[in-house]
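Biologist: I am new to this structure. Please show me how to read it, feature by feature.

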Amino acid sequence: MEMLPVPISVAITVGAFFMIASRIWTSSSVVVAECSTALKVMQSRSFESRFWIIEENGGSPPLTYSLFIEVVQRLGPPPHPLKKPGSPNWNSTPVTEESQQKYSLKPLEHFATPECPEQKKKHWIGGETRALELYEMRIKYEEEAFKSDVVMVNQYNPKLLDPPLSLSGYLRFGALSIRKFYWGVHDIYQEITRKSSQNHVTAQLIWREYFYTMSVGNTNFAQMDNNPICLKINWYKDEEKFKAWANSETGFPWIDACMRQLFLEGWIHQVCRHAVSCFLTRGDLWISWEEGLQVFFKYLIDADWSVCSGNWMWVSSSAFEKFLQCPSCFCPVNYGRRMDPQGYYVRKYVPVLAKMPLRYLFNPSSAPLEVQKKAGCIIGKDYPAPIVNHKVVSARNKASMEEIVSRFLSNVPSHCAPSQEEEITDFAWLDAVPDVKCDSSDKCRKAEMYYDTMA
């Protein structure tokens, strides 16, 4: 069934309902499997494959991405998608006044009320027809990139203001087959390059499966307490700073732009998700990832219990990789400059800064008063001053994380974590700098090489 355009506030609420209802690997999954067998309905191979991965890994989910890759390589590539089925010969229920009253959907207003008029402007079109249209656009986009010898083009040059290319919402709700997407990209890569494709060609899809598999059997996957693969960290409780983060009032334009787009449109690019989650947790505010996760659940059109929880846990609780604690590589000012070098994205979602010179756009509190007046934006009046000093809090947070590491030196618990620096650069969409290691300092050479290219 094809869906009509849905206002973002309604889509988010309906999406949140299905997200909550579809926590995988609970008793409902067993019921689905039993019903599929009883009705002789083919169950998704993707559903089964996660159990194959766990079995291949000795009965437990792989807790690092590199180990996950190693296990799935032993299993071999996933099956190709099945052929398109013909039209089923179903008996339709006659449309009567009684059936209309019993089965018709309630008006959209029944599900949610927009929090502001601007939310009404964004519409998402659901359904398989739209999913396949966008899929064909994405495949052509990948094809042109492969012709230029570029892999994961949207990571190499993220287009923050273009329509989303990830198809994540359609994958989330089953409107697009994950196997069709996977093989569509790999097949076109092999056709263009005449080379066998590798995992990195569809790395973001593999990350999705990694988090799905990790959540198997773990009903506490979305929380810190009683979660066997999450480090217990003494996060701060700071309602004022949390509200500033959630309401796009941190005083860091890159962070505020990301959060504003999330609130208005129900979707943000992966680089934005990484930026705001790092800022809320280990990077600056030291507030629990569980609180940020609930905001994502509320607003993301592609909110997914396993993927959202896994992303937040991976970013915030990976205590043993110093690169994630680097105050330079993950600076909320410089990271924004790297991802939005012309400032178009920030100017769109933080319009009060539209006339601020690019030199000061990502750190407007550093602009002289005369510059602020000319731009029509006085910091502390028209736009908030930074709620934290990044240099100070990042040093404090780094020390706190090192204390956590020292606590576990003799007995490191199993937990969701990165396995190497290169894995983090891929996950955070930062260009890899060969032969230069992050030294997790204010003068990190790796960060300098990232950001000097666009200064």
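## Reading the model

Modeller: Start with one residue. Setting aside neighbours within four places in sequence, Trp-245 is in contact with Thr-250, Ile-255, Met-259, Val-276, Phe-279, Leu-280, Leu-285, Gly-292, Val-295 and Trp-312. The model is predicted.

Biologist: Which residues have the most contacts inside the largest nonpolar core?

Modeller: They are Trp-245, Trp-254 and Tyr-345, in a core of 83 residues. Helix α12, residues 253–265, gives this core its largest share, eight residues.

Biologist: How should I read two packed helices?

Modeller: Two packed helices are described by the angle between their axes and the distance between those axes. Take helix α14 (residues 289–299) and helix α15 (residues 305–316). They pack at an angle of about 145 degrees, and their axes are 10 Å apart. The crossing of α14 past α15 is right-handed.

Biologist: Which residues of α14 and α15 meet?

Modeller: From α14 come Trp-289, Gly-292, Leu-293, Phe-296 and Phe-297. From α15 come Trp-305, Cys-308, Ser-309, Trp-312, Met-313 and Ser-316. By class, this contact has eight nonpolar, three polar and no charged residues.

Biologist: Now a loop residue. Is Ser-248 buried or exposed?

Modeller: Compare the relative accessible area with the cut-off. Ser-248 has 13%, and buried means under 20%, so Ser-248 counts as buried. Ser-248 sits in the loop between α11 (239–246) and α12. Leaving aside neighbours within four places in sequence, Ser-248 is in contact with Asp-256, Met-259 and Arg-260. Cys-258 is ten residues from Ser-248 along the chain, and their C-alpha atoms are separated by 8.0 Å.

Biologist: Why does Arg-273 count as buried?

Modeller: Arg-273 counts as buried because its relative accessibility is 13%. Arg-273 is found in helix α13, residues 270–283. Not counting residues up to four places away in sequence, Arg-273 touches Ser-168, Trp-267, Ile-268, Phe-296, Leu-300 and Asp-302.

Biologist: Where is the pLDDT below 50?

Modeller: First, the general idea. Where pLDDT is low, the predicted coordinates should not be read in detail. Here the protein chain averages a pLDDT of 81, and 75% of the residues score at least 70. Residues 1–22 are below 50. Beyond near neighbours in sequence, that stretch has 53 contacts in the model. Residues 451–455 are also below 50, and that stretch has ten contacts beyond near neighbours in sequence.

Technical notes:
Residues numbered from 1 in each chain as written. Predicted model: local features only at pLDDT ≥ 70, side-chain atom pairs only at ≥ 80, totals over all residues. Heavy atoms only, no water. Core = buried A, V, L, I, M, F, W, Y, C linked by side-chain atoms within 4.5 Å. Buried < 20%, exposed > 50% of the residue type's maximum accessible area, 1.4 Å probe, protein only. Helix = DSSP H or I, 4+ residues; strand = E, 2+ residues; numbered from the N terminus. Contact = heavy atoms within 4.5 Å. pLDDT = per-residue confidence, 0-100. Axes fitted to C-alpha atoms, helices over the stretch in contact; angles between N-to-C directions. Left-handed = near helix turned anticlockwise from the far one by under 90°. Nonpolar A, V, L, I, M, F, W, Y, C, P; charged D, E, K, R; others polar.
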